[in-house]
Amino acid sequence: MVKKMLLLVTFLAGLVQLYAQDRTITGKIVDEAGNILPGATVTLKGTTKVTVTDLNGVYSLSAPQEGGTLVVSYVGYTSQEVQIGESNTVDINLQPDIQALNEVVVVGYGVQKKSLVTGSIAKVKAEDLANQPALRVEQALQGKTSGVIFNQTSGNPGAQVTVRIRGVSSNGKSEPLFIIDGMKTSKFVMNEIDPADIESVEVLKDAASAAIYGSEGANGVIIITTKSGAGNKEKVTVTYDGYYGWQVADPVAVMSTAQYKDYFREAYAYDKSIEASNSIKSFALPAFVEKVSYWTDAADSLIFKYNTPAYQYERVRSIAEPALQKALTNQQTLLSNGSITQKQYDNNVKAINNKLEALANLRPLTFEQYKANLFNKKLNSPTDKAYANIRDNVDTTSNGTNWMDEIFQVAPMQKHHISVQASSEKANLYLSASYFTQDGVVGGAKNNFTRYNFRLNGDVQATKWMKLGSNVTVAQSKSRNLPLNDLYGGIISAAMSHDPTIVPYWNDTSEVFAYYRSVGRNYTTEAAREDLLNNRLLKTEDGRYYSNTTMPVNERVNPLAIMQLSQNDVATTERVIGNAYSEIKPFKFLTYRLSFSGELTYVTNDNWGPAYKLNDTRQRDYSYVYKQIARYYNSQIDNTLSFVKSFGDHNVSATVGQSAEQYIGYSVNGTRINLQELNESWNYLDAVQRPDTLSKLRDDNGGFKDKNTKMAYFGRVNYDFREKYMFGATIRRDGSSLFSDKKRWGVFPSFSLGWNVHKESFFNVPFVSLMKVRGSWGRNGSTQNVDAYMWISTKTAQSLGGAKTIVTGVTKNEDLKWETSEQTDIGVDFGFLKNKLTLTIDWYNKKTIDLLAKPILPAWMASSSGDVAYYNVGEVSNKGLEFDLGYSDNIADFKYDAKLTATYLKNEVTDFNAQRLTGYGAHGAPFEATAFEEGQPVWYFRGYKAEGIFQSWEEIRNYTYTDPNTGVVTLIQPDAVPGDVKIKDVGGTVDPKTGKASIPDGKIDGNDYTYVGKPMPSWTFGLNLNGEYKGFDLSMFWYAEVDKEIYNNTLRGDFLHLNRAETFYTNRWTEGSGTNDWMRARYTDNTTGSTQIGFNSLFFEDGSFLRLKNIQLGYTLPVSLTQKVQISKLRFYVSASNLLTFTNYTGSDPEIGYTGDNNSKNHNSFGVDRGMYPSAKQYIIGVNITF
Amino acid sequence: MNMKMKTIYNTFLILFSCMAIFSSCSEDRLDVEPFGKYAQDPDPNRPLDLNMIDGEARGLYSQVSWCYNTQWGYSTYVTFNSASDDAVSGGAAAGDRPEYEAAEKFTLDPNNLGVINLWKRFYSGIGSCNKLLDNYPDKDIDTLKRAKAEAKFLRAYYYFNLVNIFGPVPMPLKSTDLAEMPNTPIAEIYAQIEKDLNDAIASNGLPKSKKQLSSVDLAITRATEYTVRAFLGKVYVYHSTMLNENKWQDAKAQLEAVKNSGEYSLVTNFRSLWSSKNEMKDGNPESIFEASYTDIYGENWGGVATGNLDMQLMGIRDLQGYPGLDGGWGFCKPTQKLVDAFIAESDSIRLDATVVAASWPASIAQWEADKKLLPSLNSKGAKYSEPYDPTGYWNGKYRQDEHPLNADMYAQNELIYRFSDVLLLLAETEYHLGNEAAALGYVNQIRDRVHLAPKSSTGMQLLNDIRKERQLELAMETQRYWDLIRWGLAAQEIPNFKTSTKGLWPIPQEQLNVDPLLKQNEGY
């Protein structure tokens, strides 16, 4: 690939032609204040002669002996043409380009002068994108514009980015609409677009601006315009950008082997003493009082065997003694009513007295003594098996393994991008090719993402009245997918939790068999041993074996083994996106445009793997190969007719149009098992040559076909009077095959007004150079949560025990329609000090109604699997404030600018019957960590409210509830011990007024789940700082999110015997030296309702952070030097991303969006950290060369 | 019109026609038919599609399996064994599956997901039966008559479950019955169940004998006339005991018809009843009705697995090193009380079949060491854990060693109704009709199969013996809970039983929210 790129460079460089010189013109380029302008481009008009000013602002150029015109251009200044006179010295003054006045923004089916824009549209230009080496355009946009929140879904190469414009407006997906060169597309396409090919990005934030996209504009629109060849007609520009970088991860620290051993000895002793005291509790049960034999086992428990720690002493005495006394009395009763014989009575009384004596002899031990006792004895009752595992484990002398160190590594990344821009009176051409590759900090090349991208944009003025053009991208991306952000079997969660006392590899088979013997598998026959070694065990490349632990781990096994097993899972996307258009301009005021767009995508998934056995849960009896090819084809035809004309002081522009779209999806997949050979070259379906019974059972294939169509009619009119008073209106009528013919069409209107106050004669504030007040209202729709045929009721063919059956579907809902958003926006734009200082403030109020949800319907209306139809219910409100503050100036040769964006968001579900949407939250039933509920933020965090840690028995005894009716006082957490989390009793008793269980009831259960945080930040900030001095440039980008929570969900409640974050050790409560902020060592959560682990607010952490997202230092060589080798610009730079992070969050990365699988409907899991792949620190060196 | 205007006019005309041509303006483009799906409502203008009707009738049975167990938290099987004194809920820890825990501890509330889901499942089954009954006309066509008889049978089956679990529930009988329906008195529901079953028999639409069933029909245990009669007999027994009304003669008529049909008999080897190789389709003569499961990869019911999940739920937790057993999650563990009941009767054959033990209790003469079908785990050196509700026992009737694992999918069908249940119901019926000798005969027939000495009791002792026999014979088969309730023994035998609720479950809150006519059961 690199070779091909070099060839292209050579070829393109050849296009730069050279001419002989006639006379030499020199001069100095300065700005209005007399500051010199190094790097300004000076061209001799009508020729290809061009040069650039040096560090002193001086240029020198050959020109014909007579005449000639110089064209001088410089970024941020208006280009100027100067006739060459007789003098050979031509000095030129450039005037700053007041962008706010002349800049044009893309508004969808057209452009508009920025000064006349009445909506809220943010524009990000190519040069703003360039100072950050981003893979995806969304990453480059982060913090550049207010009102938009970008978050990582994962740090792994090729991962998607979560984009939310003005909050979250749905219980389902709230993705903005992406438009590339007029073509509707999706965020998934961004993986195949190189940010370096982008000319500008416009973000349509308010409803009026987005209204031209009608039914799909409700979540905002991101319009991407790729580069064109238009520009310098004097010269072909060839540009090369390339960088090479290293990524270093900073993963969350887990307990070291020594800490782990220490922690679990302690946890074990705590839990043993609690278990013992709990078995004492059963003494008080009626059955135990009656039948002595029932409790002999229990009484023989650890309390008596190992004495009791002071920690539990009081409790044991207070329960056991009265119970035994009661049993004693009961024996008397039993004897007197003849239930037992005298002999039985004597035996029982003797046994009870023995226990009483033992109890009397109990002496409290210190916790350390108790712990030592425990670890010196062998425990043999069946229920001690799991405990014994832990004890054996922490008793080893092994130094163990830091699994996080094992899986993380320094990973390389690089990018090369080359482009050619050529322009003439008749035609413009932009050509580019790029190559990007990035290894993962987890797994390195096993987690690689690679992209090739080619682009050809061209347009031709065919006749005076007709222009033809086309934009085409051909791209391929390939990602190797490891199971990463997954609580169940993912590599990171496995590394965080895996047994740290074992080594990562076994060197020989004796260790393998020693392990299997220790878990009770003896492999006595030679055949069984052979089978295990040859067909089951996974080997490293150098022939070692992956180790295993005797601890129960289920699917969480050696993370290195998961890595090797998953490395052949490759997803390849091949995409062609393009359009072809013609513009006919019969009159100056009228343009007709016809455009065909298409996006053809093939997604291929390849996977194969061996049979293996990592433990009894994670194993596969057969090797297999899986293939899937999916083909998606989107096509779109747009017809628009645009009218622009001025009638005196009245300026009118209007657009009417019509659009039709079609989507077809198609996929086939297949699986075969028992591959003939296990290597890449046998990685196809027909490689299986020995079908057998098992194979028949597992060989599987499938596929789907899907289609939907859309049509639209739209119109827009803009009017202004002397560019002082502006008015705009848009209407779009959309039809979609996704709905029944009753609800197929929707109409989406909008209106907007603007007033350029500074143009008024009465407005005379000297330092205010610009003041515009604007307001808009509009309505948009969203169909992204609607699947094809969602409204239809269907019967489905299924199989039951080999019989073909047909099952009925849900009761249909023909009234299903779009989600609709209505938004009001009021904004004001200021320019101060000749627009050196700019400020934009926007306030908006957005309401979304008709959310799609499955309400609770009488179950007899449900389908065979209990499903019901989607209905339009519910309402969400997003309100916000946005600030964009910019300042740019220079001090002599030092040019600088700063841009601060700030976003405030208040997001709330305003109408939703909580009873109507259950069972949809992240984490799943019964505990749903996120919930969609009226009066709360969208998918807010819900859990037990922790009120600190119990420091003593006294605190537990004092944490009581008094029944208002009976006056009886009970303990709220009767099972708690010191070091446990104190949970707030929020509800339980039904409030007669509201009908909700909102009155405390003295019990901790599901009624006590309450608000414990929200995933979306209230405030986001972005700060860009740029400075330039004599060829050096420095830029910095800081990003902050304030007031949000993250659900740190990396510890599974059912795997508490495994390792965990170091903070569990360092912050833990211990007897006597307690802290009040973290729980004691523990390895079970045996509380009713699992209050202690995962579900309480200790795990919903403050996720606010400030991060230095990027810092870049560049140096541009003096032009005088580089132009000798025909290079007009040569810049080197070093850059670092994610260098500094300030946060209280203890997990791996506070910059977390929707986690989990990219394609699934994971909208309910924003901010849920399941072992998140952290964003790596990236160190990059790069070069930009322009020929 | 001057020249310039005319040019403009013509241009507009041309441009608009361009737009029309290029975009195929017809709104028919928006009619996109679904791929690979049948429309819900049959087209009245087309002849009846008998294949479709037969397929739909078969489809009704998939809901029996689905109702029984297809999601981890809501297995009817695990729930009602845990609610009785047969088993505890088990699992990894308190709160692992609160649905089962609440069933065992009688801490159910109307928002419990187990409660909600069981309710939903049975009603969705009823909804499907109603749709089939309403969607097709009554015509004298065999396929149609059979489908409708089956719909009535299954609707009765679902209402029988609902009335036992929830008591006075709403009773929609039409597919047009929508949101709001009041509670129906229990007696009316019984009357409707009996009417549906009698109608199904009277319609003559059902096959008379299992021999008329195809292998595919046998795989899903499609109803014959005797399936329906067996259920009707059971309903009458419940009717007599639960409502204290004398329906014993009706019960006897149906149950004897089943007994005398020659369709069913007891298998010799008790334990072989729970083998995936001895289902009705394999010729098991004792099986009357089964929930059908498959381990075929990729099969599901709209996202719901088609395998027997109970097997995974009830397997031994964290099991390592026991050949042939894959282990599971340790739910639904037999209690010491149940084991003691077997030991008291020296009933080693049924204990072997019903219970898997970590180490056998030293009783029944050292447990006849050689007869143990699953030698104790400890002696094999296997590792496992029992973190919650430890009893040392696991369910033996659906043990994993009989059935190859397929990614948590087990093909083993579950026996919902078997012939020995019929015989024991007959014994109970005869007892209440005063025919003690006949009653004793049935009990001894059951005992003889497992090599236990015959009983010769009379009077109250005989009734107790019949009850004891039901406990041992049908242990871990979800019968015990309702048996205890209808015998009035629930409070006495079930440790956590809440008398205030009469053993009925709460009506789901979400249903009460959408149905203002509906009232909550007593005690909630």
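A crossing of two helices is called left-handed if the near helix is turned anticlockwise from the far one by less than a right angle, and right-handed if clockwise. The model discussed here is a predicted one.

## A helix pair in chain B

Two packed helices are described by the angle between their axes and the distance between the axes. In chain B, helix α6 (residues 142-166) packs against helix α7 (residues 186-202) at an angle of about 155°, and their axes lie 8 Å apart. Angles over 145 degrees count as roughly antiparallel, and α6(B) and α7(B) are therefore roughly antiparallel to each other. The crossing in which α6(B) passes α7(B) is left-handed.

Residues of α6(B) that meet α7(B) include F153(B), Y159(B), F160(B) and V163(B). On the side of α7(B), the residues involved include I189(B), Y190(B), I193(B) and L197(B).

## Overall make-up of chain A

Chain A contains 22 helices and 60 strands. It has 1187 residues, of which 58% count as buried. Among the contacts in chain A with a separation of 6 or more, 71% are between residues 24 or more positions apart.

## Helix α11 of chain A

Helix α11 of chain A comprises 20 residues (342-361). At 1.5 Å a residue, α11(A) should span 28 Å, and its end C-alpha atoms are 28 Å apart, which agrees.

The buried residues of α11(A) are Y345(A), N348(A), V349(A), I352(A), K355(A), L356(A) and L359(A). Viewed down the axis of α11(A), these buried residues fall within an arc of 125°, so they line one face of the helix. An α-helix has 3.6 residues a turn, so residues three or four places apart point the same way. The face of α11(A) turned away from the buried side carries the exposed residues K343(A), K350(A) and E357(A).

## Two individual residues of chain B

L108(B) is located in the loop between α4 (98-105) and α5 (113-135) of chain B. With a relative accessibility of 6%, L108(B) counts as buried. Leaving aside neighbours within four places in sequence, L108(B) is in contact with E99(B), A102(B), A103(B), V115(B), W505(B), P506(B) and Y524(B).

Q445(B) belongs to helix α17 (residues 436-449) of chain B. Its relative accessible area is 37%, and Q445(B) is partly exposed. Not counting residues up to four places away in sequence, Q445(B) touches L266(B) and L423(B). The C-alpha atoms of Q445(B) and Y77(B), which are 368 residues apart along the chain, are separated by 27 Å.

Technical notes
Residues numbered from 1 in each chain as written. Chains lettered and ligands numbered in written order. Predicted model: local features only at pLDDT ≥ 70, side-chain atom pairs only at ≥ 80, totals over all residues. Heavy atoms only, no water. Helix = DSSP H or I, 4+ residues; strand = E, 2+ residues; numbered from the N terminus. Expected span 1.5 Å × (residues − 1). Buried < 20%, exposed > 50% of the residue type's maximum accessible area, 1.4 Å probe, protein only. Arc of directions from axis to C-beta. Axes fitted to C-alpha atoms, helices over the stretch in contact; angles between N-to-C directions. Parallel < 35°, antiparallel > 145°, perpendicular 65-115°, else oblique. Contact = heavy atoms within 4.5 Å.
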